[in-house]
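Hi,

Here is the structure I promised to pass on to you. Have a look at it first, and then read on for what turned up.

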Amino acid sequence: MINATLDETRERMEKTMGALDKEMGRVRTGRASANMLDSVRVDYYGTLTPLNQMASVSVPEPRLLVIQPWDATALKEIEKGILKANIGLTPSSDGKLIRISVPPLTEERRKEIVKLVNKTCEDHKVAVRNIRRDSNETLKGLKKDGDISEDEQFKGQDQVQKITDEYVGKIDAVFKEKEKEILEV
């Protein structure tokens, strides 16, 4: 009973970490990354299609993205999609490829991005703590139903707290790493 609750707790917290990693991948750090274009949707024959499903995105240099559409007729629509996504990047096309130069970030913008990253990490810590609360409620319910003893409930809550501390630590580490990456010039 307790092990199932602990497994579910760890699984849910792992999903929270996965969501955080995905969000951190979208954060601009002044370096080019294919993840920067994850939010770009292109109007392709009347359907909004994710850019990565209609073109290959590569990073040949630290400040350059190159997009090669699989269908050359979609070039103009891809450019429009990038501009519409409002991600602060301007595409330039040569008829076959789209190149995007990633401008360096200003010091002020870097500090703003660090604040946003901090807020995102705090939100994910709250999610982890909510999972802890749910797990503790489950353990209380098991004790109330007579499925586990009071000692087992407290041991289970102790283990839930240890798992929570572990994931909060992981989130802190992600923040420190991202902050360092953003602030490095």
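This is a predicted model: local features need pLDDT of at least 70, side-chain atom pairs count only at pLDDT 80 or more; totals for chains, interfaces and linings use all residues.

What about α1 (residues 2-25) and α4 (residues 150-183), and at what angle do their axes cross? The angle is roughly 10°, and the axes come within 10 Å. α1 is thus roughly parallel to α4. On the α1 side the contact includes Ile-2, Leu-6, Met-13, Met-17, Leu-20 and Met-24, along with Arg-10, Glu-14 and Asp-21. On the α4 side, Val-160, Ile-163, Tyr-167, Ile-171 and Val-174 are among the residues involved, as are Glu-152, Glu-166, Lys-170 and Lys-178. Counted by class, the contact of α1 with α4 has eleven nonpolar, four polar and seven charged residues.

**Two buried residues in the helices**

Thr-120 lies in helix α3. Is Thr-120 buried or exposed? Thr-120 counts as buried, because its relative accessibility is 16% and the cut-off for buried is under 20%. Leaving out residues up to four places away in sequence, Thr-120 touches Leu-20, Glu-23 and Met-24.

Apart from neighbours within four places in sequence, Gln-157 is in contact with Asn-136, Leu-139 and Lys-140.

**The loops**

Three loop residues may interest you.

- Asn-35 is in the loop between α1 and β1 and is partly exposed, with a relative accessible area of 34%. Beyond its neighbours within four places in sequence, Asn-35 is in contact with Gly-25 and Arg-26. Asn-35 and Pro-50 are 15 residues apart along the chain, and their C-alpha atoms are separated by 12 Å.
- Tyr-45 belongs to the loop between β1 (41-44) and β2 (47-50). Tyr-45 has a positive phi of about 50° although it is not a glycine, and Tyr-45 is exposed, with a relative accessible area of 68%.
- Pro-62 is in the loop between β3 (55-61) and β4 (64-69), and is exposed, with a relative accessible area of 58%. Setting aside neighbours within four places in sequence, Pro-62 is in contact with Arg-31 and Ala-32. From Pro-62 to Asn-118 there are 56 residues in sequence and 24 Å in space, C-alpha to C-alpha.

**The protein as a whole**

How many helices and strands does the protein have? There are four helices and six strands, and from the N terminus on the elements run α-β-β-β-β-α-β-β-α-α. The radius of gyration is 22 Å, well over the 16 Å that the globule rule gives for 185 residues, so the protein is more spread out than a compact globule. Along the principal axes, the C-alpha atoms fill a box of roughly 70 × 40 × 25 Å.

Of the 185 residues in the protein, 38% are buried. The protein exposes about 11100 Å², and carbon and sulfur atoms supply 49% of that area. Among contacts between residues at least 6 apart in sequence, 65% join residues at least 24 apart.

Happy to talk any of this through.

Best wishes

Terms used: Residues are numbered from 1 along each chain as its sequence is written. Side-chain values use heavy atoms; hydrogens and water are left out. Axes are lines fitted to C-alpha atoms, for helices over the stretch in contact, and angles run from 0 to 180 degrees between N-to-C directions. Angles under 35 degrees count as roughly parallel, over 145 as roughly antiparallel, 65 to 115 as roughly perpendicular and the rest as oblique. Contact means heavy atoms within 4.5 Å. Ala, Val, Leu, Ile, Met, Phe, Trp, Tyr, Cys and Pro count as nonpolar, Asp, Glu, Lys and Arg as charged, and the others, Gly among them, as polar. Buried means under 20% relative accessible area, exposed over 50%, partly exposed in between (1.4 Å probe, protein chains only). The radius of gyration is taken over C-alpha atoms; the globule rule is 2.2 Å times the number of residues to the power 0.38. Accessible areas come from the Shrake-Rupley method with a 1.4 Å probe; for residues, only the protein chains shown count as cover.
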